[in-house]
Amino acid sequence: MALIEVKDLKKTYRLGSVEVPAVRGVTFGVECGEFIAIMGPSGSGKTTLMNIIGCLDRPTSGKYILDGLDASRLSDGERAAVRNRKIGFVFQSFNLLPRMSALKNVILPMMYSGERRHRRKAVEALESVGLQGRMHHTPMQLSGGEQQRVAIARALVNDPQIIFGDEPTGNLDTATGKEIMAIFQHLNDQGKTVVIVTHEPDIAQHTKRILRFRDGLLESDEPVVDRVLATETLKYGNTEGKGNR
Ligand code: ADP
Ligand code: MG
């Protein structure tokens, strides 16, 4: 059974009397353990689609089955509960709370899940992305790549099945983007399903399958040939000397 099943999915935004068809009938499936890049020009509906399959938004019509559950029929509250349990999100602009330490940023999502051993799990998540020496820094005291690693740790603490990233390397230089892709590859090797939006071919080349969108439609769906492995460039625990503050 597919982890994600999308059938003739459509999303139309209504702005007053104007209708904006953002996703116009998309069908695909994602198996457990896949690593997917969603590509396509600006305005092609990538974020809209990711928000729907990430349970942040609901489709106008069509079906979305997540792990056997019909997510297109859930109430807002039910959708939020599914999101908390199954999904971790990483964004282009990191979306960290500026006044809080890395550790507090990572503890935060567990507050809503009723999880007890908050602190230890947050510490483990930060260690898993190589930030053991940066727990008490606030976002301003961290480089862009470090901030995104905090965001990944935050996405991981509830042990989600799926990680979604909407242009997670979009605000980072090439080398730092590769470090982030190394972390995603590592998570995928451990069994996480990973779906990212990117418009950089180099970044997409680190995944295993590319879905291309155009004008709200799925234009192509192809496996990655000559996949790039970034893992060897990752230096866990060595965040010294990164000059991109
Ligand atoms: P992408 O992420 O591929 O750049 P989006 O999914 O953000 O594309 O947008 C797809 C289309 O839907 C665009 O035409 C955009 O202007 C429109 N759109 C996106 N979000 C909204 C919204 N909240 N309200 C109205 N129109 C929107
Ligand atoms: Mg977008």
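## Shell around ligand 1

The shell around ligand 1, meaning residues with a heavy atom within 4 Å of it, consists of Tyr13, Leu15, Val20, Ala22, Pro41, Ser42, Gly43, Ser44, Gly45, Lys46, Thr47 and Thr48. By residue class the shell divides into five nonpolar, six polar and one charged; here Ala, Val, Leu, Ile, Met, Phe, Trp, Tyr, Cys and Pro count as nonpolar, Asp, Glu, Lys and Arg as charged, and the others, Gly among them, as polar.

This is a predicted model, in which local features need pLDDT of at least 70 and side-chain atom pairs count only at pLDDT 80 or more, while totals for chains, interfaces and linings use all residues. Residues are numbered from 1 along each chain as its sequence is written, chains are lettered from A and ligands numbered from 1 in the order in which they are written, and side-chain values use heavy atoms, with hydrogens and water left out.

## Polar contacts and burial of the ligand

Polar contacts are pairs of N or O atoms within 3.5 Å. Oxygen atoms of ligand 1 take part in several: a backbone N or O atom of Gly43 lies at 2.7 Å, a polar backbone atom of Ser44 at 3.2 Å, and a side-chain N or O atom of Lys46 at 2.8 Å. The protein buries 62% of the 560 Å² that ligand 1 exposes when taken alone (Shrake-Rupley method, 1.4 Å probe).

Strand S1 (4-15), strand S2 (18-30) and helix H1 (46-53) are the elements that give two or more residues to the shell. H1 provides the largest share, three residues. Helices (H or I, at least four residues) and strands (E, at least two) are DSSP runs, numbered from the N terminus.

## Salt bridges

The structure holds 14 salt bridges, each a side-chain nitrogen of Lys or Arg within 4 Å of a carboxyl oxygen of Asp or Glu. One of them joins Glu34 and Arg209 at 2.9 Å, N to O. Glu34 lies in the loop between S2 and strand S3 (35-39) and Arg209 in strand S9 (residues 209-214), so this pair ties together parts 175 residues apart in sequence. Glu34 is buried at 18% relative accessibility, and Arg209 is buried at 12% (buried: under 20%; exposed: over 50%; partly exposed: in between; 1.4 Å probe, protein chains only). Glu34, Arg209 and Asp221 are linked in a salt-bridge network.

Another salt bridge pairs Glu124 with Arg120, the closest N and O atoms being 3.3 Å apart. Both residues lie in helix H4 (residues 118-128), four residues apart, about one turn of the helix. Glu124 is partly exposed at 42%, and Arg120 is partly exposed at 49%.

Notes:
Polar contact = N/O pair within 3.5 Å; in protein donor to acceptor, adjacent residues only side chain to side chain.
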